[in-house]
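My entries follow in the order I looked things up.

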Amino acid sequence: MNPPDFTLDKIKFSIDKSTFEKAVALYKGGKVTQVREGIRSYSGVILGTKPYRVSVEARNYKYSSCDCYLGENGTLCKHMVALALHVVKNGEPLSAQDSKQITEPACSGILCQPSAEESEVAKRNITMAMRYIKPYHGPSSTWDANQESLEEGCSRLSAVVARLPVHPESTKLLIDLLLRLDKKLQMGGVDDSNGIVGGFIEEVVNVLKEYVWLDPACKGTFVKLAKVGTCFGWEASLVKMIDE
Ligand SMILES: [Zn+2]
């Protein structure tokens, strides 16, 4: 079978938790059957309450169809995602890591210095995720896609944050990330009226507070924030910690 244009990460970072988990359960439960490759597309039968006929396009797993109630109404359903999982894994089992979806930033709780390779991978993944934090130029018909892109970017960034060990070096990486996001909000034309990026920034600020609680040396890097004016003052609570 030829691989699709989308990847497992693409699916994980662009779908809600509930649909993803249900799709994983279907795939793991062997409910994805009769998978066939067509021209730049795949089809299969997903065993649910009844057998559902599903097809997914190779260029984008969201361009799919299913004859269940949701699918008939144009909603992305768990059956479509289950077939997409089969296609990206080529029928191979999902590992524990594969099945885990991270959509919010969290503190890893691991105290150590990131290795040179870990730092490199984190930086590369940040650069890739930042491409999804796109400016909005209109027309209004592109609004939903633009906001979905912001969500995907923040999910990708969340996965990077969750993998970082607690260390002043990680702190520096996260503060640089927040300043880049702030710049995008202030001058980069990103329309965050839904608060997707702002919410992400606030969550990372909380992760940084946890860092300091676990390793006070982490707050040394906050000095960098003392003289900046951010878009909604998110840096204030971190700057306050410097002298505490
Ligand atoms: Zn369906």
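**Helix contacts**

I began with the contact between two helices: Gln147, Leu150, Glu151, Cys154, Leu157 and Val161 of α7 meet Ile196, Val197, Phe200, Val204 and Val207 of α9. I sorted the residues of this contact by class and got 9 nonpolar, 1 polar and 1 charged. The model is a predicted one, which I keep in mind throughout.

Next I took the geometry of the pair. The axes of α7 and α9 are 9 Å apart, and the helices pack at an angle of about 15 degrees. Angles under 35 degrees count as roughly parallel, and α7 and α9 are therefore noted as roughly parallel to each other.

I then turned to α6 and α7. Their axes come within 8 Å and cross at roughly 170 degrees. The cut-off for roughly antiparallel is over 145 degrees, so I put α6 and α7 down as roughly antiparallel to each other. On the α6 side I listed Ala122, Asn125, Ile126, Met128, Ala129 and Met130, which meet Gly153, Arg156, Leu157 and Val160 in α7. By class, the contact of α6 with α7 holds 7 nonpolar, 2 polar and 1 charged residues.

**Cores**

Which residues have the most contacts inside the largest nonpolar core? I found Leu174, Val197 and Val204, in a core of 29 residues. At least two residues of this core come from each of α6 (116-130), α7 (143-163), α8 (168-187) and α9 (196-214). The largest share is that of α9, with 8 residues.

I looked up the neighbours of Val197 separately. Leaving aside residues up to four places away in sequence, Val197 touches Ile133, Leu150, Cys154, Leu181, Leu185, Val190 and Asp192. Another core, of 25 residues, lies apart from the largest one; Phe6, Ala23, Val56 and Leu83 are among its members.

Most residues other than glycine have a negative phi, and most peptide bonds are trans.

The peptide bond that joins Gly138 and Pro139 is cis, with omega about -5 degrees. I placed Pro139 in the loop between α6 and α7.

Gln34 is not a glycine, yet its phi is positive, about 50 degrees. Gln34 sits in strand β1 (residues 32-38). Is Gln34 buried or exposed? I counted 12 other C-beta atoms within 10 Å, so Gln34 is exposed, given that a residue with 12 or fewer counts as exposed.

Arg40 also has a positive phi, near 50 degrees. I located Arg40 in the loop between β1 and β2 (41-47). With 11 other C-beta atoms within 10 Å, Arg40 is exposed.

**Whole chain**

I finished with the overall figures. The protein has 10 helices and 4 strands. Read from the N terminus, the order of elements is α-α-β-β-β-β-α-α-α-α-α-α-α-α. Along the principal axes, I got a box of roughly 65 × 45 × 30 Å for the C-alpha atoms. Of the 244 residues in the protein, 33% are buried. I also took the contacts between residues at least 6 apart in sequence, and 65% of these join residues at least 24 apart.

Technical notes. Residues are numbered from 1 along each chain as its sequence is written. This is a predicted model: local features need pLDDT of at least 70, side-chain atom pairs count only at pLDDT 80 or more; totals for chains, interfaces and linings use all residues. A nonpolar core is a set of buried Ala, Val, Leu, Ile, Met, Phe, Trp, Tyr and Cys residues joined through C-beta atoms within 7 Å. A residue is buried if 20 or more other C-beta atoms lie within 10 Å of its own, exposed if 12 or fewer, and partly exposed in between; C-beta atoms are placed from the backbone. Two residues are in contact if their C-beta atoms, placed from the backbone, lie within 7 Å. Axes are lines fitted to C-alpha atoms, for helices over the stretch in contact, and angles run from 0 to 180 degrees between N-to-C directions. Angles under 35 degrees count as roughly parallel, over 145 as roughly antiparallel, 65 to 115 as roughly perpendicular and the rest as oblique. Ala, Val, Leu, Ile, Met, Phe, Trp, Tyr, Cys and Pro count as nonpolar, Asp, Glu, Lys and Arg as charged, and the others, Gly among them, as polar.
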